[in-house]
Structures are given as C-alpha cells and as structure tokens.
Amino acid sequence: MSNGKRDTWASRGTFILAAVGSAVGLGNAWRFPGLAAKHGGGTFLLVYLVAMFVMGIPLLMMEVSIARKFHKGAGESLRGINKKMEFVGWAATANAFVIVTYYAVVFAWVILMVVGALKFAGMTGDAQAASGVFESLTQTTWDVTGYSIPLPVFIAWVIAWLAIYFCIRNGANSVSKVVKYTVFLPVLLLIFMAAKGCTMPGAGAGLQMFFLPKLEAFADASLWIDAVGQVFYSLSIMMAIMFAYGSYLDESSNVATDCIIIAVSDAAVSILSGIVMFSTMGGVGMLDSISDSGIGTAFLIYPQAIVNLTKSGWFNALFGIVFYLMLVTLAIDSAFSIVEGVSASLADKFHADPKKTTRKICVAAAIVSLLYITRAGLAWLDIVDNWTNQINLILIGVLECIAIGWCFDVDKVLRQVNRNTDKFKVPRFWFRTSIRYIAPVALSILFVWNLYNLFVVKGGTYGYAVWAECLAGWLVSALVFASGFIMKIVVSYKKRKGYVESEIVWEEEKELK
C-alpha cells in the first residue's frame with residue numbers, strides 16, 4: 001500500500017470465505033453440469049475429483065503460499081521467484097483484466113434475468129417462449145453486427161459495476177464484510193432448488209446419470225481434457241486472484257489446511273449444482289438438452305425446464321427468480337475477486353493507493369465492457385472468452401509451473417505451504433511431482449488439444465468473421481503475453497521520473513518453523 005501498511009484479512013474464516021467465493025462462480029453452476037452431461041455424468045465427476053486432488057490443490061497452495069511470502073500481487077510475486085519470469089505474472093494480470101470486462105456483463109445478464117423470470121408466470125408449458133426471454137431482453141443478433149444498446153441491459157450493466165465496486169472499494173476490508181453473505185446465500189438457494197428437483201418424478205434418472213460412471217466414456221480423450229480444464233477454471237488459479245488474496249494473509253496462517261478447505265468447498269458446490277441441474281432436467285424429461293455451453297444452458301435451455309416444473313405459473317416464476325438470484329450471488333464474488341487480482345498487481349508494482357487503483361480499473365474495465373452489452377455483444381464475448389480461457393489461461397498455467405517448478409527451488413515453496421502445520425503436512429512427492437511434472441504436462445496437452453480443436457476440427461475459426469476473431473482473439477492474446485514487455489517500458493520511463501522499483505528477494509533465513 002502507499003502508506004507502507006498492507007491490509008490483512010479480519011480472520012482465517014474470512015480468507016477462506018473470500019477464496020471460496022472467488023472459486024465458486026458461474027462455472028460451477030452451469031459449466032460443470034454441462035460437461036458432466038457431455039461425458040457420461042459420473043465418469044466426468046470421478047476424473048474431475050482426481051484432477052482436483054492431483055493438480056488443483058497443489059497449484060492453489062503454491063500461489064497462496066508464494067503471495068503470503070512476499071505480500072505482493074501476481075506480478076511482483078513472480079518477480080520475486082525469478083526476474084525473468086515476471087512477465088508470467090503480468091500475463092495472468094492482463095488476462096484477468098480481459099476476463100472481468102466480459103464477466104461483469106454476464107453478471108449483468110443474470111441480474112436482468114432475475115426480473116425477466118417474472119415472464120415465466122405466463123408461459124406455463126411453453127418452452128419456446130421461455131427460451132426466447134433472454135433473446136428478447138438482450139436483443140442479441142448472435143453475430144458481430146448491431147451496436148445499439150438495449151436500455152434494460154444498460155441498466156443491469158450499471159447495477160453490476162456499482163455492485164462490483166461497492167464490494168471491492170476498500171480491498172480486503174470491504175470484501176470481508178460482503179463474503180459473509182454472498183458465499184452462504186447461493187448454497188442455501190441451491191439446497192432449496194435441489195430439494196425441489198429431487199422430489200420430481202424422473203429426478204432419479206437424472207441423479208443416476210450424474211453419479212454413475214459409464215465405463216466407455218473413459219476412452220474419450222476429451223473427457224480428461226475437459227475435467228482438467230474445469231479444475232483450473234473453477235479454482236480461480238492462474239488468474240492473479242489467489243496471489244492477491246494470499247498476499248493479505250498474516251504469517252500465522254495455515255495455507256495447507258485452508259487450501260484444502262477451499263478446494264473441497266468448491267467441488268462440493270459443483271456437485272450440488274450438478275444435483276440441481278440433473279434432478280430438475282430429469283424431472284421435466286429434458287436430460288438430453290443439457291448443454292456444455294454455460295450461457296446456452298442458463299439462458300436458453302433451463303428456462304424451458306422452469307416453465308415445465310409445475311402447472312402453477314407463479315411458482316415456476318418464483319423458482320426462476322431463485323435460480324437467477326443464485327447465479328447473481330455466485331457471480332458477484334468471482335467478479336470482484338478478479339478486479340482485486342488486477343488491482344493488487346498494479347498497486348504493488350507502482351506503490352499506488354489500492355483504493356484509487358481499484359477505482360481506475362473498474363472505470364477502465366467498465367468502458368471496455370460496453371462492447372458486450374450491445375446487440376452484438378454476445379458474439380464478441382464468445383470470441384474473447386474462447387481465447388482467454390482456452391488459449392491464454394492454459395498457457396499461463398504452463399509458464400507458471402515452469403517458473404516455480406524449474407526456475408526456482410520448489411522445495412522452498414513447499415516449506416512455505418507447510419509452515420504452521422502440525423497435524424497435516426503436504427507430502428513432498430505430491431507437491432513436487434504435481435508442480436514440476438503432472439500439471440505442466442497436463443496443461444500442455446490441454447493447450448495443444450484446444451489448438452487442434454480450433455484449427456483441425458473447427459477449421460480455424462469458432463464460426464464468426466475471421467477479422468473479428470483476429471481482433472478479439474489473436475490480438476487480445478498477443479497483448480496479454482506482451483504485457484510484461486509493456487510493463488518494462490513503463491517502468492523504465494517511470495524510473496527516469498524518480499520511481500524506484502522494490503527489491504524482492506526470497507529470504508530463506510526468515511522462514512518460520
């Protein structure tokens with residue numbers, strides 16, 4: 001911080017809640033069930049849990065412990081690991097900024113659908129009308145054409161950004177107050193929806209599909225790829241977030257135990273979301289309609305299930321409101337945590353006031369996000385999302401594993417993880433093997449697989465105009481990975497104006513036993 005004193009979490013529980021809130025997001029509610037439906041239900045669930053244990057938890061521990069060691073965001077923490085790898089931290093930060101520009105708009109769409117769900121009251125049994133509610137509210141063209149902004153979407157966009165800024169305006173202090181409510185509320189709403197779904201005729205078939213593995217599905221390579229990808233998307237790692245949250249921990253924190261709690265909580269909410277989706281869709285006879293497209297499932301397919309829940313239009317509308325309110329509470333934690341990840345990196349680098357930095361980031365990201373609330377916004381969002389998640393995020397993960405596993409002594413990081421632990425210590429073979437071998441290899445395979453799908457399966461595009469994909473896809477990716485070079489230019493310029501870059505050194509002698 002500019003005054004030399006860094007914020008800290010109010011308590012251990014607050015950190016865990018904040019990290020769980022960040023990790024548990026829209027991907028748990030719609031992407032996880034969609035991938036489970038795609039890959040034989042229980043088969044995907046089993047592989048996902050194995051990937052979470054083998055790779056997800058060690059990498060989460062790695063980021064949190066390094067950030068606690070330096071009390072810095074992603075950029076400065078990676079510089080402390082190895083000055084040549086600082087660019088990896090800035091790539092993660094830049095990619096997070098890109099993600100929050102469109103994630104905030106998805107948040108706005110969910111807010112809009114809370115109100116739009118009232119229309120379900122008059123659509124009992126009319127699946128076609130229900131699937132058109134989102135389209136009518138957003139007036140989307142489904143293409144990169146049409147740049148007017150519908151008034152309802154603009155209002156929801158304003159509400160979304162005000163909510164994000166309000167939650168993050170005072171850093172860890174304001175986040176601590178918000179997460180007490182926003183973490184537990186979606187769980188309560190999910191339990192309510194699960195109770196309703198499980199009492200419906202046909203719910204058993206849905207739950208059986210979700211929990212029972214299909215042996216033939218294990219032979220599908222895309223199952224393993226999607227399961228590994230879901231673990232990394234879900235835990236908020238490789239996005240500068242956990243570096244920011246870890247940097248607010250005090251020296252007495254128990255990283256090993258806390259990270260396991262966070263990962264288990266994240267997986268539990270994913271499973272609960274799967275129960276809701278599969279029981280409800282099974283209850284209305286629409287198990288074959290679950291899509292691995294999160295937006296398609298939430299805004300087009302699930303509304304069809306909602307209007308077929310009962311013969312009471314108002315009950316269906318109420319259920320729809322609860323569903324989208326649940327998505328609101330899931331989205332807000334993830335949205336403001338991404339902003340915090342970006343803010344911490346920049347404020348730490350330039351010794352800036354965190355509050356002012358956060359405000360500037362929100363304004364800049366909000367301006368960029370205006371593109372996504374136009375009638376062409378859904379198409380632009382789809383393009384950017386494909387590149388930030390399937391190209392950038394995965395490559396950042398590979399580079400981060402190389403930085404810590406091969407350009408640094410990973411055992412030093414393990415000692416940080418195991419500080420303050422008595423009953424449980426992370427085994428060296430688990431942590432070291434994951435960081436140095438399993439995670440980078442798995443992520444590299446995922447990266448190549450995504451490129452194969454893009455160039456071979458899809459013919460080089462995701463179905464949009466080539467110029468649009470080059471602009472919002474490849475150019476954005478190039479800027480993300482050039483951000484470290486850009487930062488060096490900025491730092492060099494500021495040094496001529498008197499700026500002094502902080503010295504960051506991993507001092508082993510200060511380790512606590």
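Student: What should I know about the model before reading values from it?

Tutor: The model is predicted, so local features need pLDDT of at least 70 and side-chain atom pairs count only at pLDDT 80 or more, while totals for chains, interfaces and linings use all residues. Residues are numbered from 1 along each chain as its sequence is written, and side-chain values use heavy atoms, with hydrogens and water left out.

Student: What is a pocket, and what volume does the largest pocket have?

Tutor: On a 1 Å grid over the protein atoms alone, a pocket is an open set of points with protein on both sides within 12 Å along at least five of seven lines, whereas a cavity is a set where a 1.4 Å probe fits but cannot get out. Lining residues have an atom within 4 Å of a point. Grid points are joined across faces, edges and corners, and the volume is the space filled by probe spheres set on the points. Here the largest pocket holds about 1,400 Å³. It is lined by 48 residues, and R31, D292, G294, D385 and Q390 are the closest to its centre.

Student: Which elements give two or more residues to that lining?

Tutor: Elements are DSSP runs numbered from the N terminus: helices are H or I of at least four residues, and strands are E of at least two. The contributors are α1 (12-23), α2 (26-38), α5 (86-116), α12 (221-234), α15 (294-306), α16 (313-350), α18 (377-405) and α20 (428-457). The largest share, 8 residues, is from α18.

Student: How does the lining of the largest pocket divide by class?

Tutor: Ala, Val, Leu, Ile, Met, Phe, Trp, Tyr, Cys and Pro count as nonpolar, Asp, Glu, Lys and Arg as charged, and the others, Gly among them, as polar. The lining of the largest pocket has 23 nonpolar, 18 polar and 7 charged residues.

Student: What does the second largest pocket look like in these terms?

Tutor: Its volume is about 370 Å³. Among its 15 lining residues, W90, A94, L479, S483 and M487 are the closest to the centre. At least two residues each come from α5, α16 and α21 (466-495), with the largest share, 7 residues, from α21. The lining has 13 nonpolar residues, 2 polar and no charged.

Student: How many aromatic pairs are there?

Tutor: Rings of Phe, Tyr and Trp (its six-membered ring) pair if their centres lie within 6.5 Å; planes under 30 degrees apart are stacked, over 60 edge-to-face, and the rest tilted. The structure holds 30 such pairs. F134 and F299 are stacked, because their ring centres are 4.4 Å apart and their planes are at 5 degrees. F134 is in helix α7 (residues 133-138) and F299 in helix α15, 165 residues apart.

Student: Which pair is edge-to-face?

Tutor: One of that kind is W387 with Y462, at 5.3 Å centre to centre and 80 degrees between the planes. W387 belongs to helix α18 and Y462 to the loop between α20 and α21, 75 residues apart.

Student: Are W387 and Y462 buried or exposed?

Tutor: Buried means under 20% relative accessible area, exposed over 50%, and partly exposed in between (1.4 Å probe, protein chains only). W387 has 1% and is buried; Y462 is also buried, at 19%. Both F134 and F299 are buried.

Student: Which residues make up the aromatic cluster with F134 and F299?

Tutor: W30, W109, F134, F299, Y302, F323 and Y324 form one cluster.

Student: Where does a charge sit over a ring?

Tutor: The rule asks for NZ of Lys or CZ of Arg within 6 Å of the ring centre and within 35 degrees of the ring normal. K69 has its charged end over the ring of W506, 5.4 Å from the centre. R436 lies over the face of W406, 3.6 Å from the ring centre.

Student: Where is phi positive without a glycine?

Tutor: Q139 has a phi of about 55 degrees and lies in the loop between α7 and α8 (151-168). Q139 is partly exposed, with a relative accessible area of 39%. N420 has a phi of about 65 degrees and is placed in the loop between α19 and α20. N420 is partly exposed at 26%.
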